Amino acid sequence: MIMLLLGAPGAGKGTQADVLRDRLQMAHVSSGDLFRWHMKEETPLGLAAKEYYDRGDLVPDGLVIDMILDRLAEPDTTNGVILDGFPRTVAQADALKVALSKRGERLAALYVHVPTDVLLDRLSGRWICRSCNTIYHEKFNPPHVAGVCDICGESELYQRADDKRETAENRLEVYFTQTQPVIDYYRRHGALEEVDGAQPIDQVTADLLARIRRLQARLNRAHDGVRRDGRLPATSAHGPLPMSDVSPGSLVQPQLEPS
Ligand SMILES: [Zn+2]
């Protein structure tokens with residue numbers, strides 16, 4: 001099973017990916033890392049990608065998908081894969097869907113949703129003491145006296161460009177402009193699992209684990225059902241169902257699940 005992990009900058013996606021990888025023994029595949037690895041190792045896929053890259057052209061979606069499919073053949077992926085950084089567009093999501101359903105692979109998108117004002121608070125508001133480098137946050141960890149370092153008294157607090165609210169607003173705007181259509185795409189296909197990412201980190205992890213286990217249980221029941229009918233499943237008994245065989249909502253809508 002492929003789990004796409006979606007979440008804005010500041011949503012805690014990286015932290016959650018690490019925890020899920022360890023708890024579920026899944027492989028964590030970052031499409032950017034995978035791409036760079038192929039280029040560096042000069043694999044056939046890497047060399048093909050490099051031709052586009054060196055010309056300054058976009059690397060075709062098909063090539064990136066081939067890299068992902070190739071990675072799915074590695075032995076560490078038997079418990080599933082957490083895929084990070086792909087797809088970024090609806091065209092890529094469509095191409096990935098077609099490629100995965102040909103291989104009988106299933107996919108679900110996990111979206112760590114955090115309201116924009118909370119993201120802005122998390123991404124911005126960091127202030128640093130120019131003298132002793134103590135880090136403050138104007139909301140979560142302010143100095144006792146505004147603008148004055150607790151440790152060394154009178155010294156000046158400053159903000160790095162990355163920590164300014166305007167920078168954070170721009171980052172989020174870029175993210176949502178690019179990714180909202182992908183989120184909507186998976187929601188339309190009944191393949192989006194949304195968790196509340198504004199909760200404490202441990203609770204977000206617990207929610208994600210519960211969703212994933214429910215998806216896995218549902219998948220296993222689907223296989224059992226086919227076997228009870230005396231018909232062979234479309235794929236091997238322990239293999240996943242192709243995404244195309246799953247009607248929208250039948251697999252992933254939590255409200256249909258008995259608790
Ligand atoms: Zn200081």
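Is Leu-24 buried, exposed or partly exposed? Leu-24 is partly exposed, because 17 other C-beta atoms lie within 10 Å. By the cut-offs, 20 or more such neighbours make a residue buried, 12 or fewer make it exposed, and counts in between make it partly exposed; C-beta atoms are placed from the backbone.

This is a predicted model: local features need pLDDT of at least 70, side-chain atom pairs count only at pLDDT 80 or more, and totals for chains, interfaces and linings use all residues. Residues are numbered from 1 along each chain as its sequence is written.

**View 1. The protein chain has 8 helices and 9 strands.** Helices (H or I, at least four residues) and strands (E, at least two) are DSSP runs, numbered from the N terminus. Of the 259 residues, 27% are buried. Two residues are in contact if their C-beta atoms, placed from the backbone, lie within 7 Å. Among contacts with a separation of 6 or more, 71% join residues 24 or more positions apart.

**View 2. Leu-24 sits in helix α1 (residues 13–24).** Leu-24 touches Asn-79, Gly-80 and Ile-212, not counting residues up to four places away in sequence. Asn-79 is 55 residues from Leu-24 along the chain, yet their C-alpha atoms are separated by 7.4 Å.

**View 3. The largest nonpolar core holds 45 residues.** Such a core is a set of buried Ala, Val, Leu, Ile, Met, Phe, Trp, Tyr and Cys residues joined through C-beta atoms within 7 Å. Met-3, Leu-4, Ile-82, Leu-83, Ala-109 and Leu-110 touch the most other members. Strand β4 (residues 107–113) gives the most to this core, with 6 residues. Beyond its neighbours within four places in sequence, Ala-109 contacts Leu-4, Leu-6, Tyr-186, Ala-191, Leu-192 and Glu-193.

**View 4. Helix α4 (residues 61–71) has Val-64, Met-67 and Ile-68 buried.** Seen down the axis of α4, its buried residues fall within an arc of 95°, so they line one face of the helix. The arc is taken from the directions from the helix axis to the C-beta atoms. These residues pack against β2 (27–30), α2 (31–41), α3 (44–55) and β3 (81–84).

**View 5. An open, antiparallel sheet of 4 strands runs in the order β6-β5-β8-β7.** β6 (135–137) and β7 (148–149) stand at the edges with a single partner strand each, so one side of each has no neighbour in the sheet. Strands pair if DSSP finds at least two bridges between them. β7 and β8 (residues 153–158) pair in the antiparallel sense over 2 bridges. Val-148 stands opposite Glu-156 in β8.
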